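Opening the notebook on this one. I want to look up a few residues and then the core.

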Amino acid sequence: MKFEIPAVKKLVFEMSIPIRWGDMDAMNHVNNTTYFRYLEIIRIEWFRSIGCMVDPTGEGPVIVNAFCNFYKQLEFPGDLLVRMYASDPARTTFETWATIERADAPGAIWAAGGATTIWVDFPKQKAVPLPDWLRRLVNE
């Protein structure tokens with residue numbers, strides 16, 4: 001099953017991530033599970049950059065699904081340019097998307113993925129409406 005990243009989305013964050021030697025597997029390419037780690041890193045750094053730190057006594061984001069499409073094998077050494085996009089704010093959820101490029105081959109997508117994020121009241125363990133500030137950020 002392949003998920004497509006939508007054409008309509010908002011760039012919200014980008015960062016460089018080094019490919020570490022330990023990211024490789026026995027086949028001498030980056031292990032498929034590591035791509036999810038790269039997607040997690042950019043998602044958490046974006047949340048941190050907008051002041052959205054998880055508070056177990058309050059509200060915050062929870063990922064309810066995630067996917068990654070692998071287009072080319074990444075290999076050590078190198079640096080990645082990872083871009084985070086957001087779209088489709090609903091009552092309690094929004095979508096995040098990311099593209100992964102090698103810094104030495106800009107414009108070529110090596111992998112792309114995404115996740116559905118739901119806003120949760122952690123003590124109640126229940127979905128609650130997205131805060132207005134986050135909805136505006138995703139919508140603008």
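I started with D25: buried, exposed or in between? D25 comes out partly exposed, because its relative accessibility is 22% and the buried class stops under 20%. This is a predicted model, so I keep that in mind for every entry. D25 sits in the loop between strand 1 and helix 1. I also checked D25 against E75: the two are 50 residues apart along the chain, and their C-alpha atoms are separated by 9.8 Å.

Next I went to T116, which lies in strand 5. T116 has a relative accessible area of 12%, so I log T116 as buried. What does T116 touch, leaving out residues up to four places away in sequence? I get V62, I63, V64 and N65, plus T93, F94 and E95.

Then the largest nonpolar core, which has 28 residues; Y38, L74 and I100 are the members that touch the most others. Two or more residues each come from strand 1 (10-19), helix 1 (32-49), strand 3 (78-87), strand 4 (93-102), strand 5 (109-121) and helix 2 (132-139). Which element gives the largest share? Helix 1 does, with six residues.

Last, I listed the contacts of L74, skipping neighbours within four places in sequence. L74 is in contact with I19, H29, V30, Y35 and Y38, and also with L80, I100, R102 and W110.

How values were computed. Residues are numbered from 1 along each chain as its sequence is written. This is a predicted model: local features need pLDDT of at least 70, side-chain atom pairs count only at pLDDT 80 or more; totals for chains, interfaces and linings use all residues. Side-chain values use heavy atoms; hydrogens and water are left out. A nonpolar core is a set of buried Ala, Val, Leu, Ile, Met, Phe, Trp, Tyr and Cys residues joined through side-chain atoms within 4.5 Å. Buried means under 20% relative accessible area, exposed over 50%, partly exposed in between (1.4 Å probe, protein chains only). Helices (H or I, at least four residues) and strands (E, at least two) are DSSP runs, numbered from the N terminus. Contact means heavy atoms within 4.5 Å.
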